[in-house]
Amino acid sequence: MPAESQAPAATALSTVAPEPGAAKPDPILVADGVTRSFGGLHAVAVDHLELQRGAITALIGPNGAGKTTLFNLLTGFDRAGSGTWTFDGAKVSQLPAYRLARRGMVRTFQLTKALARLTVLENLQLGATEQRGERMYAALMRPLWRGQEADNRVRAEELLERFKLDHLRDAHAGTLSGGQRKLLELARALMVRPSMLMLDEPMAGVNPALAQSLLEHIVELRDEGMTVCFVEHDMDMVMGTSDWVVCLAEGQVIAEGTPRAISTNSQVVDAYLGKQHGTPPAEESS
């Protein structure tokens with residue numbers, strides 16, 4: 001198993017009890033009593049969840065566990081049946097997605113949302129917020145927003161270089177590979193200057209070379225102080241990249257802990273593999 005991260009957030013989490021709903025030293029997001037049902041199916045029923053500031057938290061669980069539904073609720077893309085949550089100390093459970101993004105919580109999607117007929121550079125520039133030229137009357141007076149547009153272009157160029165997409169700046173986004181689109185979506189999210197990134201299966205459909213590049217970028221962002229939470233099925237990525245792991249099953253948090261603790265947690269093993277007849281359960285790490 002890869003060595004666990006030694007980032008400051010990982011050090012802070014080393015003293016946290018590996019149990020559902022564990023309190024964190026400095027949580028950036030705190031959720032209480034969050035539920036979502038579809039007919040008679042309880043997709044999400046999270047009693048309490050805290051995400052540590054400046055850490056990489058992986059959200060894992062079998063298919064149908066409610067991971068993406070929980071993401072949709074927390075990021076304002078769906079409405080919870082009940083529950084409240086705070087982000088950076090402020091209650092945000094009733095805010096729509098665009099207002100959450102302005103506060104610093106930005107998400108990406110399992111299926112990328114690139115605007116195929118715009119260039120890669122134009123896709124990034126669209127990600128910038130509070131653009132004065134988007135207002136009806138201001139749009140007619142270019143001197144009011146020319147400087148801001150130039151600044152946004154400079155930032156977009158810097159991000160293209162950082163993600164090694166600068167050679168594709170003038171290519172239409174629709175011509176990119178799946179992995180390149182993932183990099184583009186991550187770069188576009190950073191145009192918002194978020195404090196927290198929510199990534200829904202960032203490795204899905206990505207070839208191994210680009211997957212490694214994505215992993216390195218995620219770790220770099222954490223090392224720069226950003227909080228990252230991602231949904232992922234690739235356990236090598238989860239164990240080698242995350243500081244903390246939260247496991248869902250049937251919409252509930254059944255386990256939390258460091259990657260090492262989670263890897264030997266019998267409830268997590270059962271949720272993924274089912275109990276093996278005659279095989280004693282693994283001891284849960286403390």
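How many bridges join strand 3 to strand 9, and in which sense do the two run, parallel or antiparallel?

A: The model is predicted, so that local features need pLDDT of at least 70 and side-chain atom pairs count only at pLDDT 80 or more, whereas totals for chains, interfaces and linings use all residues. Residues are numbered from 1 along each chain as its sequence is written, and side-chain values use heavy atoms, with hydrogens and water left out.

Strand 3 and strand 9 (residues 244-249) run parallel and are joined by 4 bridges. Helices (H or I, at least four residues) and strands (E, at least two) are DSSP runs, numbered from the N terminus. Two strands count as paired if DSSP finds at least two bridges between them. Within strand 9, C247 is the bridge partner of I60.

Strand 8 is also a partner of strand 3: the two pair in the parallel sense over 4 bridges. Here A58 stands opposite F230 of strand 8. Strand 8 (residues 227-231) in turn pairs with strand 7 (residues 196-200), again in the parallel sense, over 5 bridges. In that pairing, D200 has V231 of strand 8 as its bridge partner.

These strands belong to an open sheet of 6 strands with mixed pairing, in the order 6-7-8-3-9-10. Its edges are strand 6 and strand 10, each of which pairs on one side only. On average, neighbouring strands of the sheet are turned by 20 degrees against each other, direction ignored. Axes are lines fitted to C-alpha atoms, for helices over the stretch in contact, and angles run from 0 to 180 degrees between N-to-C directions.

Buried means under 20% relative accessible area, exposed over 50%, and partly exposed in between (1.4 Å probe, protein chains only). From strand 3, I56, A58 and I60 point one way, while T57 and L59 point the other way; all are buried.

Helix 7 (residues 208-223) lies across strand 3 (56-60), strand 7 and strand 8, and runs at about 130 degrees to strand 3. Helix 6 (residues 178-190) lies across strand 6 and strand 7, at about 155 degrees to strand 7. Contact means heavy atoms within 4.5 Å.

In helix 7, which covers residues 208-223, the side chains of R222 and D223 meet in a salt bridge of 2.7 Å, N to O. R222 counts as buried at 7% relative accessibility, whereas D223 is exposed, with a relative accessible area of 53%.

At the edge formed by strand 10, the side chains of K24 and E256 meet in a salt bridge (2.8 Å, N to O). K24 lies in the loop between helix 1 (8-13) and strand 1 (27-38) and E256 in strand 10 (residues 252-257), so the pair ties together parts that are 232 residues apart in sequence. Both K24 and E256 are buried.

Technical notes:
A salt bridge is a side-chain nitrogen of Lys or Arg within 4 Å of a carboxyl oxygen of Asp or Glu.
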